[in-house]
Amino acid sequence: MATHAAHAVPDADTRAMRRAVELAARGLGSTSPNPVVGCVITDATGAIVGEGWHERAGGPHAEVHALRAAGGAARGGTAYVTLEPCNHTGRTGPCAQALAGAGVTRVVYAVSDPNPQASGGSATLRAAGIDTTAGLLAAEAEAGNAAWLTSVRLGRPHVTWKYAATLDGRSAAADGTSRWISSAESRADVHRLRAESDAVLVGGGTLRADDPHLAVRGVEGATQPLRIALDTRATIPATARILDDAAPTLLVVGEDADTRHLPGVELLRLPLHDGRIGVTDLLTHLDRRGVRSVLLEGGPTLAGAFLEGGTVDRVIGYIAPALLGAGPAALADAGITNISGARRLDITEAVRIGPDLRITAVPVPATTATKEH
């Protein structure tokens, strides 16, 4: 029994790194285009003496905040960092050198830095005689930093498709009405998702049907996301709620769209493919302007286009305990013609939100899905 209990309790390294992952999450929505990073420093006895996280782009990194909090107690201690300490000088100095200068004798980090401009911190630490270990809680740290890692690895933002539907999968009633399928608690939770995202995206159908606002409400200290509307022919009226000054807005239109009725609106003109704006074209442009995470709140047609393009990285569904029996489905044509082509998902979380069920899932890698089939 004693042996079993010992295995059930996380060791000191795991506890410290898990705390660093929790701290990193506090930077969601405010660090772009940089990653979210958390850091915990323990002294020579293993006691936590400093904590920090990357709070905003251009500000001090997590390690610097934690070292300041630790002061002299960092000497001879251990630093736990969710991302390999950087090795370059940008708007801030290299964290690897800051750790070495503080007298830290051991560094444990979760994820290696894939950015060639900043990687190499572990080599600098080892050259300074610091014991360096990688990979602790890597999966948890990667999940928390998915937006930035997706940008570095794939050259596009991380995309979360959020939808609300009844238990029978309907996103609206037969007459088109959809307010409100989900509960007030679920709608408040969506504002949290918006606050953690760099951008919120809808298509023309949602613009015309709902006149959405898309700004964050009820989240203290939130950084407003970029509101993005795809409107190929620029049919949006100048009075649309999304065009107010509550948050920045980007209107994405076709190259030849007439936008004379929209003076002062920021526009992105893109070529049309079969009358539609290309998902890849859009995401490439957004990544170039520093958008690392996109919350897709559009209707079933837009969601289908993103899914068909293989650019949905996470799905969050708010399932209401209600039945409609008719009306549009939550997802339209995604180019899937038979059951073998179904996009398999791994459910990572299922929780009650008021009366609703919030399900979070991520795509199963194609090789894994094929083996399972």
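## Strand S1

Of the 5 residues of S1, 5 are buried, so this strand is largely enclosed by the rest of the structure. Buried means under 20% relative accessible area, exposed over 50%, and partly exposed in between, with a 1.4 Å probe and protein chains only. Strands (E, at least two residues) and helices (H or I, at least four) are DSSP runs, numbered from the N terminus. In S1, Gly38, Val40 and Thr42 point one way and Cys39 and Ile41 the other way, and all are buried. In a regular strand the side chains alternate between the two faces of the sheet.

S1 (residues 38-42) pairs with S2 in the antiparallel sense over 5 bridges; two strands count as paired if DSSP finds at least two bridges between them. The two form a hairpin with 5 residues between them, and glycine 46 in the turn has a positive phi of about 95°. Threonine 42 stands opposite isoleucine 48 in S2, while cysteine 39 has glycine 52 as its bridge partner there. S1 also pairs with S3 in the antiparallel sense, over 4 bridges. In S3, the bridge partner of cysteine 39 is valine 81.

## Model and confidence

This is a predicted model, in which local features need pLDDT of at least 70 and side-chain atom pairs count only at pLDDT 80 or more, while totals for chains, interfaces and linings use all residues. Residues are numbered from 1 along each chain as its sequence is written, and side-chain values use heavy atoms, with hydrogens and water left out.

The mean pLDDT of the protein is 91, and 93% of its residues reach 70 or more; pLDDT is the predictor's confidence in each residue, from 0 to 100. Confidence is lowest in helix H1 (residues 2-8), at a mean of 41, and highest in S13, at 98. Over residues 1-8 the pLDDT is below 50, and beyond near neighbours in sequence this stretch has 0 contacts in the model. Contact means heavy atoms within 4.5 Å.

## The sheet of 5 strands

S1 belongs to an open sheet of 5 strands with the order S2-S1-S3-S4-S5 and mixed pairing. Strands S2 (48-53) and S5 (131-134) stand at the edges with a single partner strand each, so one side of each is left without a neighbour in the sheet. Neighbouring strands of this sheet are turned by 15° against each other on average, direction ignored. Helix H3 (residues 62-70) packs on the sheet and touches S1, S2 and strand S3 (78-83); the direction of H3 makes about 150° with that of S2. Axes are lines fitted to C-alpha atoms, for helices over the stretch in contact, and angles run from 0 to 180 degrees between N-to-C directions.

## Nonpolar cores

The largest nonpolar core has 33 residues, and those with the most contacts inside it are Met17, Ile41, Leu67, Ala79, Leu99, Val104 and Val107. Such a core is a set of buried Ala, Val, Leu, Ile, Met, Phe, Trp, Tyr and Cys residues joined through side-chain atoms within 4.5 Å. At least two residues of this core come from each of H2, S1, H3, S3, helix H4 (95-101), strand S4 (106-111) and helix H7 (146-154).

Leaving aside neighbours within four places in sequence, leucine 99 is in contact with Glu63, Leu67, Ala79, Pro85, Val104, Val107 and Leu125.

A second open sheet, of 9 strands, has the order S10-S9-S8-S7-S13-S6-S14-S16-S15, with mixed pairing. Its edge strands, S10 (266-270) and S15, each pair on one side only. S14 and S16 pair in the antiparallel sense over 5 bridges, and isoleucine 319 stands opposite leucine 357 in S16.

In H8, Ser186, Asp189, Val190, His191, Leu193, Arg194 and Ala195 are buried. The buried residues of H8 pack against S6 (158-166), S7 (199-202), S13 (293-296), S14 (314-320), S15 (345-353) and S16 (356-363).

## Backbone details

A cis peptide bond joins serine 32 and proline 33, with omega about 10°; proline 33 is found in the loop between helix H2 (12-24) and S1.

Leucine 137, in the loop between S5 and helix H6 (138-144), has a positive phi near 55° and is not a glycine. At 17% relative accessibility, leucine 137 counts as buried. Alanine 234 also has a positive phi, of about 55°, although it is not a glycine. Alanine 234 is found in the loop between strands S8 (226-230) and S9 (249-254) and is buried, with a relative accessible area of 4%.
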